[in-house]
Amino acid sequence: MSVLCKIEVVGVRKHGTWTSVEGCRLADSICSSTPTNKGLTMSWPLHRGVSGIRNSGNNNDFWDSQLKDKTEKEDLDRNHPSDPSYLSLRFPFRLFCPDSSPSKYGTTENGFAPDPFSIGSPRSRHKLTVLFLKLSLIVIVILGLTGSFWWTLSISTSSRGLIFNGYRRLQEQLVSDLWDIGELSLGPPRMKEIDFCPEESENHIPCFNVSENLAMGYSDGNEYDRLCGQGSRQSCLVLPPVNYKIPLRWSTGRDVIWVANVKITGQEVFTSGSLTKRMMMLEEQQISFRSASLMFDGVEDYSHQIAEMIGLRNESNFIQAGVRTILDIGCGYGSFGAHLFSKQLLTMCIANYESSGSQVQLTLERGLPAMIGSFNLNQLPYPSLSFDMLHCARCGIDWDKRDGIFLIEVDRVLKPGGYFVWTSPLTNVQSFLRNKEKQKRWNFIRDFAENLCWELLSQQDETVLWKKTGKKNCYNSRKPGSGPPICSKGQDIESPYYRPLQNCIGGTHSRRWLPIEERPTWPSRSNLNKNELALYGLHLEELNEDTANYKTAVRNYWSLLSPLIFSDHPKRPGDEDPSPPYNMLRNVLDMNARYGGLNAALLEAGKSVWVMNVVPRSGPNYLPLILDRGYVGLLHDWCEAFPTYPRTYDMVHAEGLLSLETSQHRRCTMLDVFTEIDRLLRPEGWVIIRDTAPLIGSARVLTTRLKWDARVVEIGSNSDERLLICQKPFLKRQAI
């Protein structure tokens with residue numbers, strides 16, 4: 001029987017116009033084989049989302065359509081009995097090419113047939129939908145398990161390392177978040193800007209409180225010693241004096257300082273009894289340590305005399321004798337170290353705390369190495385065998401007191417073969433004839449030095465020079481009971497931290513015992529070989545990698561800071577726009593020095609700065625290595641105040657310090673550390689902190705409270721570290 005199936009597309013919207021398209025032929029050709037009336041025409045309505053069949057003709061067509069559906073059903077049952085797959089395969093085709101056959105349910109009341117997208121009864125459609133969803137879910141689960149299995153097999157060793165590093169970053173982020181939560185939990189007042197300290201704190205040093213020490217019973221000079229307690233932290237910002245001025249550019253600032261920047265008067269300058277203290281002149285608003293008068297040229301003659309007593313031509317030959325680092329005890333105002341600085345000799349000034357007219361403060365204001373330290377109670381924060389020479393010119397220490405225990409401490413920090421220079425009226429032979437007491441004191445010191453295995457090389461006028469033995473067997477060859485004993489291995493701690501003074505000879509158990517004349521001279525000694533590094537438990541590859549990293553870092557630091565320091569120097573309050581300074585960086589405080597890599601990189605780059613290398617107590621101790629390389633530094637706990645005056649350093653550098661401190665059971669917060677940095681930094685000074693991104697983010701928040709100008713710099717696309725570069729503003733106290 002010939003059957004005509006006509007599909008008329010009444011409306012298809014295309015680009016704003018309606019066009020007619022050809023109908024689509026069903027895959028199973030049902031349309032061509034199904035009987036129907038000749039006059040039946042199918043069409044799709046124009047309204048969107050609804051399909052229907054428009055019926056034309058008389059009512060008899062309804063019965064004909066039912067007869068056709070019955071015949072179609074019988075054919076389907078015969079060809080595909082109970083085959084759900086057929087329906088499921090046919091269903092998609094019906095979505096895109098609807099069947100032109102009318103439904104067995106007939107037309108609706110409005111003349112339209114039911115939706116041709118429907119297959120069977122509603123119950124059948126529900127079952128098909130559930131079946132389709134189940135099959136889809138099974139396929140998704142199988143694909144997911146398969147992909148997870150192959151992904152697990154494809155993880156390489158390097159991938160596992162990345163996962164581990166990611167886990168470490170999550171740990172660091174957690175620590176940082178907990179830190180921030182602890183700060184925030186204290187309430188909004190903790191997040192406000194930090195208040196300024198009162199005026200009497202302009203030159204205050206925490207841990208050095210004379211009145212409190214006296215109240216606790218300390219006397220005989222011990223009240224000036226260092227005593228850090230829980231109440232010694234400073235939670236305010238120290239402002240500079242009213243008339244404070246930015247130090248002069250280096251190296252002019254080494255010889256001329258502003259009077260208002262230090263706590264000293266002209267009367268104190270001229271009544272000073274120290275030889276090196278008197279080598280200065282007071283001018284209008286300035287203190288000059290240079291002059292055209294011959295009477296002030298004593299420092300050069302004095303250092304030349306010491307060189308001759310050693311057997312050298314002049315002080316320029318100190319390096320040839322193995323001398324690079326000098327500890328200047330009671331240094332006056334640093335004139336001795338300032339003169340030797342030009343000879344590539346590094347002199348660390350150390351003196352007692354003074355409430356006014358401090359030697360250390362003036363030395364630091366000149367941009368020279370200095371710190372507060374005392375022989376009264378505790379050992380110095382240096383390892384054994386640290387310095388090539390110790391110098392004391394009328395330093396005020398009575399070396400014969402307490403059975404010579406101060407000389408034992410000198411012996412501990414002096415390298416084998418090193419020199420001890422002492423200038424004092426007590427050593428003048430002519431005074432012995434008039435004062436028997438002085439002769440008795442001198443005889444005790446001379447004999448005690450001999451029992452320490454020191455050789456008296458020379459004595460001229462008021463200056464005496466000893467040389468420490470380079471042979472350990474000297475101590476065993478002494479007469480029994482003729483001197484202090486050798487420390488036991490348990491007593492001989494290489495790097496003590498303010499431990500009480502010991503009445504025994506230390507350093508003899510150290511693997512670093514090597515006479516200075518057998519060491520490479522400067523600057524070769526800064527580059528240690530493989531065998532030398534083995535003494536410190538370090539491999540050559542580790543040191544080379546550290547050196548290379550810091551060389552790159554120094555180049556990057558200077559690239560970042562040069563436009564700011566030299567071209568865009570900030571305007572100071574009350575001043576006109578200043579001309580760009582030549583070099584405002586005289587010194588750098590490295591808060592986590594590791595092997596001294598920053599110091600080495602700055603020297604190799606030709607920067608005219610010296611570095612205070614600080615090794616935190618909370619990390620590995622490579623301070624002996626740093627000092628043996630010819631640098632200066634000390635051991636320190638950053639939860640305590642650093643032993644120096646406010647406004648000491650031009651730049652503070654800290655790489656990995658925040659990570660190191662967060663890994664410990666901290667007794668202080670990040671805010672405590674940053675407040676101490678602000679105290680140590682001079683106005684318009686710089687801070688460079690390198691650490692993980694989460695910790696840098698926490699630190700960046702604190703800089704706002706400190707009133708610092710700060711910016712975060714990304715190091716590289718593959719690095720999880722960041723740089724935090726800050727500048728301390730020049731804030732002035734209003735004059736009353």
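Predicted model: local features only at pLDDT ≥ 70, side-chain atom pairs only at ≥ 80, totals over all residues.

Tutor: Residues are numbered from 1 along each chain as its sequence is written, and side-chain values use heavy atoms, with hydrogens and water left out.

Student: Which residue forms a disulfide with Cys331?

Tutor: Cys349 does, and the two sulfur atoms are 1.5 Å apart. Cys331 sits in the loop between β8 (325-329) and α9 (335-341), while Cys349 is in strand β9 (residues 346-351), so the pair ties together parts that are 18 residues apart in sequence. Those labels come from DSSP runs, numbered from the N terminus: helices are H or I with at least four residues, strands are E with at least two.

Student: Is Cys331 buried or exposed?

Tutor: Here's the general idea: buried means under 20% relative accessible area, exposed means over 50%, and partly exposed is in between (1.4 Å probe, protein chains only). Cys331 has 1% relative accessibility, so Cys331 counts as buried. Cys349, at 2%, counts as buried too.

Student: What about Cys453 and Cys474?

Tutor: A disulfide joins them, with 2.1 Å from S to S. The torsion about their S-S bond is about -100 degrees, so this disulfide is left-handed. Cys453 is in the loop between α13 (436-451) and β13 (454-460), and Cys474 is in helix α14 (residues 473-476), 21 residues apart. Cys453 is buried at 7% relative accessible area, whereas Cys474 is partly exposed at 22%.

Student: How do I read a nonpolar core?

Tutor: Think of a set of buried Ala, Val, Leu, Ile, Met, Phe, Trp, Tyr and Cys residues joined through side-chain atoms within 4.5 Å. The largest one here has 75 residues, and Tyr382, Trp399, Phe420 and Leu589 touch the most other members. A second, separate core of 31 residues includes Tyr302, Ile310, Phe336 and Leu627.

Student: Which residues does Tyr382 touch?

Tutor: Contact means heavy atoms within 4.5 Å. Setting aside residues up to four places away in sequence, Tyr382 touches several residues, including Leu327, Met348, Phe387, Arg412 and Glu494.

Student: And how do I describe two helices packed together?

Tutor: Two packed helices are described by the angle between their axes and the distance between the axes. Axes are lines fitted to C-alpha atoms, for helices over the stretch in contact, and angles run from 0 to 180 degrees between N-to-C directions. Take α20 and helix α21 (residues 693-705): their axes come within 11 Å and cross at roughly 55 degrees. Angles under 35 degrees count as roughly parallel, over 145 as roughly antiparallel, 65 to 115 as roughly perpendicular and the rest as oblique, and α20 and α21 are therefore oblique to each other. Among the residues making the contact are Met670, Leu671 and Phe674 of α20, and Leu695 and Ala699 of α21.

Student: How many residues of α20 are buried?

Tutor: Ten of the eleven residues in α20 (residues 670-680) are, which makes the helix mostly covered.

Student: Where does Pro683 lie?

Tutor: In strand β19 (residues 681-692). Pro683 is buried, at 1% relative accessible area. Leaving aside neighbours within four places in sequence, its contacts include Pro240, Tyr244, Arg647 and Phe730.

Key:
Disulfide = S-S within 2.5 Å.
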